[in-house]
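I opened my notebook today to look around a new structure. Here is what I looked up, entry by entry.

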Amino acid sequence: MKPEKIGFIGLGLIGGSIAKTIRRIHPDIHLIAYDMDKESLSLAMKEHTIDEACDGLTESFASCRYIFLCAPVQKNEDFLEILSSYASSNCTITDVGSVKTAIHQEIANTSLAPYFIGGHPMAGSEKSGYRHATAYLLENVYYIITPSAETAPGAVDGFKEFIQSLGALPIVLDYQEHDFITAAVSHLPHILASSLVNLVERLDNEKELMKQIAAGGFKDITRIASSSPVMWQQICLANREQILKLMDAFIGSLAQTRASIAASEASGLFHFFQSAKEYRDSLPITSPGSLPKVYEAYCDLVDEAGGIAALATILATNQISIKNIGIIHNREFQEGVLHIEFYEENALEKALVLLRKYHYTVYER
């Protein structure tokens, strides 16, 4: 059964995106929200994303079928005592935090436990805040659901059905299993990306040559280092044990690779890169994961006047919009390379066919 009213505590990137998605798919559901950022609430009202902006956790939340906790991970726990008075068989509390153990342990011995369902949409952006929220962020992404031990199966099924109606792909997991998996595929990669960026900054010279010639590969694998420092500080503290396990495992793996390089083990190094390539190539592409998919192409460009204008004109006359465009000065490919980013996959596919028709050499990555 479709809920009549849903509340949001926190209306940033994730909360705002869920609210916008609900408004797009279920426009008749009444949405209310509270956020310390009054500008976000004002903008959400102006855009008609929400129907009611609240000054706090008022009684209006008590009549919600679902209340989404979308504040930062550690802040969510501050609201649990108040929410326990609203929770009932008619009001389920859920969150969207990327770490589940802390909040599940917090509610385990409270009256809230039977009416709590943890949640984690595996989507996001290096941007933050409501102004970057989108009504399509949940489309085809995995949405992990972690019920408490006391949650009624019917309530879980109902919530799973609702999440599926938003275009997401729900998966029910134990909260500890969730935290280990996300530590491996989300939290550790963010730490590694930030570590690599910080290392390059420390090793760079006064002329910042490393920064100047940083190529596409470096930028690709470190893009997530642009995410919110506050959010990742809290994630590391909240999922400390699981992250440390994965860091220890990675350090051991890195030491093994270092030993192979030091010993000039050609076959071992080939196997290292080959196995990584095979596993990476086998990853599913149906879900954008914790960051939205980038629709981009790289095009060889002859260094001559009007080259960029000619290419842009070809795309524009065929109604293909360019989201971003720029020249890669460190030439990984054969010629000067133009990096073109598109808004959607269909536009990318059309552009690839069109540019190749005009004899451009185009690469996908």
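**Entry 1: ground rules.** I call a residue buried under 20% relative accessible area, exposed over 50%, and partly exposed in between, using a 1.4 Å probe and protein chains only. This is a predicted model, where local features need pLDDT of at least 70 and side-chain atom pairs count only at pLDDT 80 or more, while totals for chains, interfaces and linings use all residues. Residues are numbered from 1 along each chain as its sequence is written, and side-chain values use heavy atoms, with hydrogens and water left out.

**Entry 2: the whole protein.** Of the 365 residues, I found that 43% count as buried. I noted 14 helices and 12 strands, which are DSSP runs (H or I over at least four residues for helices, E over at least two for strands) numbered from the N terminus. The C-alpha atoms fill a box of roughly 65 × 55 × 40 Å along the principal axes. I then looked at contacts, meaning heavy atoms within 4.5 Å. Among those between residues at least 6 apart in sequence, 73% join residues at least 24 apart.

Entry 3: At what angle do α13 and α14 pack? I read about 125° between α13 (residues 307-317) and α14 (residues 345-357), with their axes 10 Å apart. Axes here are lines fitted to C-alpha atoms, for helices over the stretch in contact, and angles run from 0 to 180 degrees between N-to-C directions. That angle makes α13 oblique to α14, because angles under 35 degrees count as roughly parallel, over 145 as roughly antiparallel, 65 to 115 as roughly perpendicular and the rest as oblique. Leu311, Ile314 and Leu315 of α13 meet Ala351, Leu354 and Leu355 of α14 in this contact.

**Entry 4: a residue in α11.** I picked Thr257, which lies in helix α11 (residues 240-262). Is Thr257 buried or exposed? Thr257 counts as buried because its relative accessibility is 13%. Leaving aside neighbours within four places in sequence, I found Thr257 in contact with Leu269 and Phe272.

Entry 5: Most residues other than glycine have a negative phi. I therefore wrote down Asn140, at 39% relative accessibility and so partly exposed. Asn140 is not a glycine, yet has a positive phi of about 65°, and sits in the loop between β6 (116-121) and β7 (142-147). Glu208 is not a glycine either and has a positive phi of about 55°. I found Glu208 in the loop between α7 (175-203) and α8 (209-213). At 40% relative accessibility, Glu208 counts as partly exposed.
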